[in-house]
Amino acid sequence: MYHAINAWETDTEIVVVGCRIDDPLAEDGRTDVPHIDVLRLEPYLYEWRLDLVTGAVRERALDDVMTEFPRMDNRRLGRRSRTAYSPRIAPASEVLFDGFVKYDTDSGDAVHHSYGDGRFGSETVFAPRVGATDADDDGYVLAFVTDATTGESEVVVVDAGRAGDEPVCRVRIPQRVPIGYHAWWVPAGEVTAG
């Protein structure tokens, strides 16, 4: 596993949700699976339940679509959650995200959001709606998206509760933004001038 989405403890177990990679060092020559240097990136979303009494571990695959860099509503980190937003890996030898998948990690249901042909995005970020409820999809999923043919970039804002719909907002960026990972949403009220 490279990245976990969340983990929390119940009375009898620890629950971990993350992206499992069977063999990151496989040398099979596949070009439909991306590589980062010598590491093969073929991750799938899984859940593990670690029994605190017996020591047993139960493992459950949540999907058979390659996704990585999963994100969630950061206000729920370390507490039970059921929604994850995971960039979907395009079939290519380099790491490209052609959309994201909103997962219900309880039921295994998945809603796909595609950026469109030739458009690739960054790691997603979840931004809670102002006045949001405690629901882990009451907010927005944001990503930088770049058109591979024109080089134009934009910030795409998707209503997290309707992840399969068109974006509610697109903000054009005056220059190309390279595809990247590891972002975080910080509300304006938490930013201090230094």
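**Close-ups of a predicted model**

At 12% relative accessibility, Trp 48 counts as buried, because the cut-off for that label is under 20% relative accessible area. Everything here comes from a predicted model, so read each panel with that in mind.

**View 1. Tyr 46 and Trp 48 make a stacked aromatic pair.** There are three aromatic pairs in the structure. In the one formed by Tyr 46 and Trp 48, the rings sit 5.9 Å centre to centre, with 20 degrees between the planes. Tyr 46 is buried too, at 14% relative accessibility. Its ring also has a charge over it: the charged end of Arg 20 is 4.9 Å from the centre of the Tyr 46 ring.

**View 2. Tyr 85 stacks with Phe 126.** Here the ring centres are 5.5 Å apart and the planes meet at 15 degrees, so this pair counts as stacked. The partners come from distant parts of the chain, 41 residues apart: Tyr 85 belongs to strand β7 (residues 83-89) and Phe 126 to strand β11. Both Tyr 85 and Phe 126 are buried.

**View 3. Ser 122 is a buried loop residue.** Look for Ser 122 in the loop that joins β10 (119-121) to β11 (125-128). Beyond its neighbours within four places in sequence, Ser 122 touches Pro 87, Phe 97, Tyr 115, Ala 143, Phe 144, Ile 179 and Gly 180.

**View 4. The largest pocket has 13 lining residues.** Its volume is about 150 Å³. Nearest the pocket centre are Ala 4, Pro 70, Arg 71, Glu 123 and Trp 184. By type, the lining splits into eight nonpolar, three polar and two charged residues.

Notes:
Residues are numbered from 1 along each chain as its sequence is written. This is a predicted model: local features need pLDDT of at least 70, side-chain atom pairs count only at pLDDT 80 or more; totals for chains, interfaces and linings use all residues. Side-chain values use heavy atoms; hydrogens and water are left out. On a 1 Å grid over the protein atoms alone, a cavity is a set of points where a 1.4 Å probe fits but cannot get out, and a pocket is an open set with protein on both sides within 12 Å along at least five of seven lines; lining residues have an atom within 4 Å of a point. Grid points are joined across faces, edges and corners, and a volume is the space filled by probe spheres set on the points. Ala, Val, Leu, Ile, Met, Phe, Trp, Tyr, Cys and Pro count as nonpolar, Asp, Glu, Lys and Arg as charged, and the others, Gly among them, as polar. Helices (H or I, at least four residues) and strands (E, at least two) are DSSP runs, numbered from the N terminus. Buried means under 20% relative accessible area, exposed over 50%, partly exposed in between (1.4 Å probe, protein chains only). Contact means heavy atoms within 4.5 Å. Rings of Phe, Tyr and Trp (its six-membered ring) pair if their centres lie within 6.5 Å; planes under 30 degrees apart count as stacked, over 60 as edge-to-face and the rest as tilted. A charge sits over a ring if NZ of Lys or CZ of Arg is within 6 Å of the ring centre and within 35 degrees of the ring normal.
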